[in-house]
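Here are a few exercises to work through with the model open beside you. Try each task before reading its solution.

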Amino acid sequence: MTNLVKGDSGLVQLTHGDIKRIIAHQKLFGLDELQKYLFRFCKTMLTADDSLVKQFSIYNLVPSVLLYGPPNTGKTTLCYLLFDQIKQEVTNEINFYTVDVGRMLDPALGQSSRNLEQIFQDLRKISSDGSSVFLLLDELDAFCMSRSRAQEHDAVRRAMTTLMLQLDNLQPSISQRFLVFGITNVPNLVDTAVVRRFSLKQTVDPSLSRDEFKSYLDYLNKPIKHNTKQEDLPKLYGIYQRRAFTAGDIKALYKVLLIDVICGDQDISISERLVELFEQGFSTRQHLDKTYKELLDA
């Protein structure tokens, strides 16, 4: 069960059991290489010897990662999977924390800034006592919007400034056990100064190959005991590419399909319904393109 840590600040701890339950039925496709790369980065940061830490210091390389890309591409799930892998393969003495932005942001003058300071102070103490910390800052754009947009939101502006200071305080020699992951769906709205302070910046926007696409459909077909017809695969893959679906979009289409199968008042052709859903279903990228266009035209 999730636990608020010093509840007023908004810091939340998820136990390993919480994480295991979240990822029990989650599987990412198209992100294998990125997960391996990020795992190697985290492992290197957590286990570096003094010689390697000195190299980090030359470039001010600290254990901070920014993941960005459209919604429904697996950024948060990727962090959960990384934590689970680190917990099992690198060190059991690592704990997962995240921030409840709604609790952290406070309209009281300066309180949001003090909350963030408290969060980092608590986590630095934990990491200095021998344990390791995995901190996930989800929806980073909620309190790190570009300064031109944040100028009328004092709590947001102060919180962003504090976060930049806290990221500046991460140093290779004293922050080795403190992993910080930031996530945003809209990197163009995040202040450049915040983005610059993350050592590693990676886009999470997988484009499935034909084989990966087939494997993903096979995975989603199992619960409804369906086999995609061989002649339907090129058609579905073509629609997937044309409509620029994310993996999350495809899972959402299957969610509708499952409801149809369970709740429909008559038998349906799953193959025909699947093609129909692919043609007419929601596409995150198409929606984002339309939204940005409306913003520009406004």
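**Exercise 1.** Which strands does β3 pair with, and through how many bridges?

*Solution.* Start with β6: five bridges join β3 to β6, and the two run parallel. Strands here are DSSP E runs of at least two residues, helices are H or I runs of at least four, and both are numbered from the N terminus. Two strands count as paired if DSSP finds at least two bridges between them. Buried means under 20% relative accessible area, with a 1.4 Å probe and protein chains only.

A word on the model: it is predicted, so local features need pLDDT of at least 70 and side-chain atom pairs count only at pLDDT 80 or more, while totals for chains, interfaces and linings use all residues. Residues are numbered from 1 along each chain as its sequence is written, and side-chain values use heavy atoms, leaving out hydrogens and water.

**Exercise 2.** Find the neighbours of β5 in the sheet pairing, then decide whether its faces are covered or open.

*Solution.* First, β4 (residues 94–99) pairs with β5 in the parallel sense over five bridges, with T98 opposite L136. Second, β5 pairs with β6 (residues 178–184), again parallel and over five bridges, and L135 stands opposite V180. Third, take the faces: S132, F134 and L136 on one side and V133, L135 and L137 on the other are all buried, which covers both. Six of the six residues of β5 (residues 132–137) are buried, so the strand is largely enclosed by the rest of the structure.

**Exercise 3.** How are α10 and α11 oriented to each other, and which residues make the contact?

*Solution.* Begin with the axes, which are lines fitted to C-alpha atoms over the stretch in contact, with angles from 0 to 180 degrees between N-to-C directions. Those of α10 (residues 210–221) and α11 (residues 232–242) come within 11 Å and cross at roughly 105 degrees. The helices are therefore roughly perpendicular (65 to 115 degrees). Now list the contact (heavy atoms within 4.5 Å): R210, F213, K214 and L217 of α10 meet L233, P234, L236, Y237 and Y240 of α11.

Methods
Buried means under 20% relative accessible area, exposed over 50%, partly exposed in between (1.4 Å probe, protein chains only). Angles under 35 degrees count as roughly parallel, over 145 as roughly antiparallel, 65 to 115 as roughly perpendicular and the rest as oblique.
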